[in-house]
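Here is a report on one structure. Look through the sequence and the 3D view, then read on.

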Amino acid sequence: MAATPLLELRGIDKSFGPVQVLRDVDLLVPPGEVTALVGDNGAGKSTLVKCVSGIYSADAGELFFDGTPVTINGPRDAAALGIEIVYQDLALCDNLDVVQNMFLGREKRTGLVLDEPTMEQLAAKTLAELSVRTVKSLRQHVSSLSGGQRQTVALAKAVLWESRLVILDEPTAALGVAQTAQVLELVRRMADNGLAVVLISHNMNDVFAVSDRIAALYLGRMVAQVRTADVTHAQVVELITSGRSGSLGLAAEGAAADEYGPDGALR
Amino acid sequence: MTATAHMQPAVTTAPPNVADHVREYLSRVRGGDIGALPAVLGLIVLCAVFATLRPAFLSTVNFANLFAQGAAVAIIAMGLVFVLLIGEIDLSAGFASGVCASVLAILLSTYGLPWYVAVLAAIGTGVAIGLVLGFLVAKVGIPSFVVTLAAFLAFQGVVLLLLEEGKNIAVRDDVVLAVANRNLPPPLGWALAVLGVGGYALAQLVRLRTRQRRGLVTDPLLVVVARIAMVAAVVAAAVYLLNLERSRNTLITSLKGVPVVVPLIVVLLLVWSFVLSRTAYGRHIYAVGGNVEAARRAGINTDRIRISAFVICSGMAAVGGIVAASRASSVDPNTGGSNVLLYAVGAAVIGGTSLFGGKGRALDAVLGGAVVAVIINGMGLMGYSSGVKYVVTGAVLLLAAGVDALSRRRAAATGNR
């Protein structure tokens with residue numbers, strides 16, 4: 001494991017009214033590695049990400065970025081720290097072209113006028129750094145791109161902003177086999193370029209193909225953070241579905257059932 | 001993605017080729033990205049039909065008339081483009097222009113204020129109307145259709161109240177009257193034409209040079225030159241025709257030159273085209289129209305963008321109202337009423353602005369406005385009753401909206417837009 005984790009969460013709690021969605025969650029995200037965040041529906045993955053991105057504020061717990069404690073009060077704070085989140089959809093405007101989308105909301109300009117040549121050059125450079133060869137023209141509308149290409153543009157957009165932590169929410173959920181492979185390859189390259197990457201995924205094949213570490217959430221608890229190489233496919237599935245697998249995960253069977261059974265069912 | 005695309009480098013810097021450019025354009029059109037093509041083709045067909053049936057249509061008097069007839073609609077349509085771009089509608093733009101024209105007329109005639117005060121007050125009224133409409137749509141969250149339908153009814157009443165139950169107020173201020181009724185001296189017309197075309201050519205060539213120096217993909221030089229030549233030819237022909245003597249009897253009066261309203265439209269067109277295509281604000285308008293959620297996540301203040309679109313729309317409606325008041329030399333309860341709004345929406349849509357948001361240009365409003373003006377003018381020459389005119393205009397609007405919807409479907413099918 002790397003020396004200092006880029007992002008460290010300690011004891012994060014979050015409730016919505018009577019429903020406690022996150023309980024005492026710890027998470028380490030080192031730079032240069034892909035950390036897969038896995039868990040069943042309702043395990044709290046999205047909530048955890050929203051706490052990091054500043055959309056929700058955690059009820060309790062500490063957040064360290066680059067070793068220093070920080071508070072994130074909104075998406076702008078997160079962006080200022082270099083945290084970028086790529087959502088499964090909703091990220092791109094169909095009626096704008098690739099460059100326009102990559103710079104949306106942060107356009108380069110000289111005076112009042114948009115500096116198109118500079119933006120186009122920077123976009124081209126970023127795509128080249130990520131060895132993206134699938135986007136034919138930077139000036140084609142995003143609507144004419146395939147699902148994989150769109151996801152590529154969304155990832156490149158996140159990289160463009162000198163971000164240090166990129167959180168990907170189900171990036172391959174809507175993609176075909178070949179496109180999934182392309183996007184995963186890109187995710188791997190982002191980590192190899194030194195970024196910290198958090199990959200939220202349901203797909204075990206993706207997780208094992210690309211991640212260095214796996215963090216498993218079960219009913220709002222972080223049940224295990226392990227190196228991908230140390231676990232098997234079956235173990236991870238067990239962690240997701242029952243919160244424990246052999247020596248990993250929640251310790252005592254009875255305690256888990258007592259503590260989480262009733263309100264877990266509500267979720 | 002196909003295997004061939006894999007072979008391509010991330011950025012193509014191959015020298016641009018005219019044949020490729022044409023082929024790409026054709027494939028875009030086939031893919032549903034038809035832009036202003038229907039408006040241009042429609043304009044040519046309509047002109048040909050009317051010219052054959054009524055030779056008077058081609059007279060220089062009538063040509064100059066077209067500009068005065070279409071000006072107010074085209075100006076209101078330019079404002080409407082902004083509201084349509086963010087995927088909303090403003091049904092009140094017509095009567096908003098009536099309210100603003102009433103304010104202008106009352107300040108000029110009843111209070112005898114100078115023209116610039118009255119014009120500023122009229123535009124200020126438009127901006128205030130836009131702020132209220134935009135606030136109700138963006139902040140309160142009432143659908144724009146309902147807000148502006150309510151405003152449509154209310155403004156109709158406001159005009160009646162302002163004009164004290166339908167009085168007709170004459171506009172006698174020379175400057176205001178000049179807007180839609182006077183012509184530029186012929187030499188000035190030529191000077192402005194040369195200036196305009198020269199500026200356009202310079203901007204195009206500078207842009208080409210900058211992109212070439214930076215090693216970016218450019219349009220072929222030939223295409224750029226052809227574009228400049230076409231603009232120059234159209235402008236020169238128009239200025240030449242407008243500078244011909246139009247008076248029936250030159251002993252009584254001489255009537256020649258470019259109507260004053262033409263440079264006004266050109267300036268408005270340039271300003272709004274610049275705002276839409278060259279500023280971050282314009283980019284954000286398109287983003288809000290394309291995907292509000294993506295725009296919000298990109299840190300764009302979407303409410304402010306939406307309110308500003310309504311402000312521009314109502315502000316431009318005020319300018320349109322001023323032109324209408326100037327042309328009629330008076331303001332009455334029907335100014336900006338009846339079919340002005342539908343003509344304006346029709347102009348924007350015929351020109352290629354999408355009713356679904358995210359697609360459109362200021363130029364669309366002018367091209368569409370020209371089509372609408374030709375229809376009104378030509379049908380008038382043919383001596384059709386206003387009943388027929390309404391039916392035909394309605395049919396053309398429906399046709400344009402149909403073309404918009406179909407090209408959108410085609411665009412979705414071919415993954416293009």
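## Helix α11 of chain B

Two exposed residues, V267(B) and V271(B), sit on the face of α11(B) that is turned away from its buried side. Helices (H or I, at least four residues) and strands (E, at least two) are DSSP runs, numbered from the N terminus.

Which residues of α11(B) are buried? They are V261(B), V262(B), I265(B), L268(B), W272(B) and L276(B). They cover an arc of only 130° around the axis, so they lie on the same side of α11(B). The arc is that of the directions from the helix axis to the C-beta atoms. These buried residues pack against α4, α8 (174-181), α12 (280-290), α14 (302-328) and α16 (362-382) of chain B. Here, contact means C-beta atoms, placed from the backbone, within 7 Å.

The length of α11(B) fits too. Its 18 residues (261-278) should span 26 Å at 1.5 Å a residue, and the end C-alpha atoms are 25 Å apart, which agrees. The expected span is 1.5 Å times one less than the number of residues.

## About the model

This is a predicted model: local features need pLDDT of at least 70, side-chain atom pairs count only at pLDDT 80 or more, and totals for chains, interfaces and linings use all residues. Residues are numbered from 1 along each chain as its sequence is written, while chains are lettered from A and ligands numbered from 1 in the order in which they are written.

## The nonpolar core

The largest nonpolar core has 193 residues, and L104(B) and A344(B) touch the most other members. Helix α4 (residues 60-85) of chain B gives the largest share, 16 residues. Such a core is a set of buried Ala, Val, Leu, Ile, Met, Phe, Trp, Tyr and Cys residues joined through C-beta atoms within 7 Å.

What does L104(B) touch? Leaving out residues up to four places away in sequence, its contacts are A118(B), V119(B), A122(B), I322(B) and A325(B).

## Where the chains meet

In all, 35 residues of chain A contact 33 residues of chain B. On the chain A side, β8 (113-114), α4 (116-129) and α5 (147-160) each give two or more residues. The largest share, 6 residues, comes from α4(A).

Now take α4(A) itself. Its 14 residues reach 20 Å from first C-alpha to last, close to the 20 Å expected at 1.5 Å a residue. Its buried residues are E116(A), M119(A), E120(A), A123(A), A124(A) and L127(A). An arc of only 130° around the axis holds them, which puts them on the same side of α4(A). They pack against α3 (98-102), β8 and α5 of chain A. Just after this helix, S131(A) takes a positive phi of about 55°.

## Two loop residues

L219(A) is not a glycine, yet its phi is positive, about 45°. It lies in the loop between β11 (213-218) and β12 (221-227) of chain A. L219(A) counts as buried because it has 24 C-beta neighbours inside 10 Å.

S329(B) also has a positive phi, near 55°. Its loop runs between α14 and β2 (330-331) of chain B. With 14 C-beta neighbours inside 10 Å, S329(B) counts as partly exposed.

Terms used: A residue is buried if 20 or more other C-beta atoms lie within 10 Å of its own, exposed if 12 or fewer, and partly exposed in between; C-beta atoms are placed from the backbone. Two residues are in contact if their C-beta atoms, placed from the backbone, lie within 7 Å.
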